[in-house]
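Hello,

Here is the structure we spoke about, for you to look through. My notes on what was found follow below it.

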Amino acid sequence: MVFRKPPDGGWGWVIVVVSFFAQFLCYGSPLAVGVLYVEWLDAFGEGKGKTAWVGSLANGIGLLASPVCSICVSSFGARPVAIFSGFMVAGGLMMSSFAPNIYFLYISYGIVVGLGCGLLYTATVTITCHYFDKRRGLALGLISTGSSVGLFIYAALQRELIDLYGLDGCLLIVGALSLNILACGSLMRPLESPDSPPPEKTCVDKVPDQYLVYHEKEKTVEENISILEKGYVDKKCANNMPDHKQDSILNKNVLSSINVNEKDSYKKKVVEQTNFCKQLAKRKWQLYLNYWEETIVLFKNKVFSALFVAILLFDIGGFPPSLLMEDVARSANINEDDYRMPLISIIGIMTAVGKLILGILADFKWVNTLYLYVTTLLMTGMALFAIPFAKSYVTLVMLSGLLGFLTGNWSIFPYVTTKTVGIERLTHAYGILMFFAGLGNSLGPPIVGWFYDWTQEYDTAFYFSGCCVLLGGLLLLLAALPCWNACTNQSTKLPPNTYSYKVASSA
């Protein structure tokens with residue numbers, strides 16, 4: 001497939017709009033799963049830790065499976081993957097309405113919907129990057145707000161649907177709405193030249209064909225030579241033999257020579273192809289070793305190792321409020337008349353605001369993005385410590401808004417990663433960090449729920465969450481202080497043909 005130059009506009013803006021709505025429809029319910037979490041507690045009567053696994057799987061499995069999602073998009077294209085993800089998300093939500101127990105939800109809502117979200121996210125980001133180059137940062141920022149807006153609207157929508165149609169009806173309606181992802185995916189036209197010739201095979205793909213053609217020609221030449229030689233030798237005895245005997249002997253010689261040459265040619269072909277397979281296997285093994293060597297080199301960077309610990313602890317401690325805040329409000333016995341807006345909706349809209357503001361701050365030259373990210377971690381830890389002291393709706397609203405704003409630090413995380421490891425290792429490093437972010441998303445809510453089942457209160461759980469986030473922030477700060485200048489010097493010594501930090505961060 002031959003791609004044209006990114007137009008930075010035109011049909012690309014259609015891609016931005018449909019990607020925005022695709023993420024809105026896909027991530028709305030999983031991010032606002034806290035509303036469903038309260039209903040599942042009452043419906044199945046399971047512990048909070050066991051029930052929290054449903055939402056944590058839905059939000060973490062997509063990040064854990066990000067390498068597989070990337071392979072699918074690379075192999076089949078963004079449009080087919082987006083359409084298929086729409087079927088997965090809609091089917092998983094509809095199947096969840098018939099769940100007889102919490103274990104069924106682990107599969108239908110946690111794994112099926114989670115994988116669908118991961119596939120759609122990769123497809124939308126990939127197709128947007130194909131259409132935009134200079135405005136890529138703006139385009140990616142616009143489509144990423146779709147999930148935050150979805151969290152804001154779906155939190156109130158699911159709550160209203162549960163009041164009108166019950167939990168099962170809510171999941172059926174939300175699943176039907178998710179089918180609109182198919183329409184969005186069908187508009188994700190790939191950016192390729194319609195009159196472009198088919199791509200040539202790579203050198204690796206050409207080798208077997210070259211061997212085959214060569215050996216076929218070699219076999220034909222050898223057969224013709226052997227036939228002519230046999231015919232010439234046997235011609236001397238032609239006058240002393242009857243015609244039918246001469247013909248039979250000549251046919252036998254021809255057949256025997258053909259069989260011998262075919263066997264030799266086949267043996268040569270097998271040997272050559274065996275050697276080729278050995279060389280290919282050695283090359284793949286060397287690539288595998290290089291990958292792990294690069295991974296070891298990454299972890300030798302103190303800042304990257306601290307960043308890996310920080311993102312893991314941040315997702316373990318910082319993600320549960322978006323899932324459990326509704327149950328926290330119910331446990332605080334807040335009057336329903338004062339409960340004007342779901343707390344998850346407040347978290348969602350403030351996350352969108354945080355992404356925009358923190359992203360703008362990161363563009364200023366005088367702002368150190370690593371220290372900015374550390375500041376958000378430390379403030380998140382202190383906000384988590386304050387949740388047990390919140391006993392009114394107004395206080396919970398303020399803390400929810402603050403946590404949502406600080407969670408918007410996801411928009412500056414690529415900046416921090418680029419500044420830490422450099423543009424040439426960004427893809428490798430970011431994939432590793434996203435895997436552990438998904439692991440933290442999957443483990444955080446169940447751990448907090450188990451703390452509640454153990455103590456019958458959320459105070460200890462949120463103290464634990466706050467400690468995790470604060471510990472990650474402090475470790476990252478300590479690792480950055482002595483090494484930050486070295487990392488900056490390394491990033492400034494890039495080869496002349498590499499992109500600068502500003503270009504990389506916008507990508």
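Leaving aside residues up to four places away in sequence, Tyr109 is in contact with Ser29, Pro30, Val33, Leu36, Trp40, Val54, Ala58, Leu93, Ser96, Gly114 and Leu171. Please keep in mind that this is a predicted model.

Tyr109 also stands out in the largest nonpolar core, which has 121 residues. Together with Leu36, Tyr373, Tyr458 and Leu476, Tyr109 touches the most other members of that core. Helix α6 (residues 102-131) is the main contributor, giving 13 residues. Because domain 1 (1-193) and domain 2 (275-483) both supply residues, the core lies between them.

**Lys48**

Lys48 belongs to helix α3, which covers residues 48-64. Is Lys48 buried or exposed? Its relative accessible area is 10%, so Lys48 is buried, the limit for that being under 20%. Again not counting residues up to four places away in sequence, Lys48 touches Tyr37, Leu41, Asp327, Gly449, Tyr452, Asp453 and Tyr458. One of these contacts, Tyr458, was named above among the core residues that touch the most other members.

**Aromatic rings**

Searching the whole structure gives nine aromatic pairs. One of them is formed by Phe308 and Phe436, with 4.6 Å from centre to centre and 75° between the planes, an edge-to-face arrangement. Phe308 is in helix α11 (residues 302-318) and Phe436 is in helix α17 (residues 426-455), so this pair links distant parts of the chain, 128 residues apart. Phe308 has a relative accessible area of 18% and is therefore buried.

Phe451 and Phe464 make a further pair. Phe451 is in helix α17 and Phe464 in helix α18 (residues 459-492), so the pair ties together parts 13 residues apart in sequence. With a relative accessibility of 17%, Phe451 counts as buried, whereas Phe464, at 27%, is partly exposed. Ring pairs also bring in Trp454, which forms a cluster with Phe451 and Phe464.

**A charge over a ring**

Which ring does the charged end of Arg189 sit over? The ring is that of Trp11, and the charged end is 4.3 Å from its centre.

Regards

Definitions and conventions
Residues are numbered from 1 along each chain as its sequence is written. This is a predicted model: local features need pLDDT of at least 70, side-chain atom pairs count only at pLDDT 80 or more; totals for chains, interfaces and linings use all residues. Side-chain values use heavy atoms; hydrogens and water are left out. Rings of Phe, Tyr and Trp (its six-membered ring) pair if their centres lie within 6.5 Å; planes under 30 degrees apart count as stacked, over 60 as edge-to-face and the rest as tilted. Helices (H or I, at least four residues) and strands (E, at least two) are DSSP runs, numbered from the N terminus. Buried means under 20% relative accessible area, exposed over 50%, partly exposed in between (1.4 Å probe, protein chains only). A charge sits over a ring if NZ of Lys or CZ of Arg is within 6 Å of the ring centre and within 35 degrees of the ring normal. A nonpolar core is a set of buried Ala, Val, Leu, Ile, Met, Phe, Trp, Tyr and Cys residues joined through side-chain atoms within 4.5 Å. Domain bounds come from an automatic or database domain assignment. Contact means heavy atoms within 4.5 Å.
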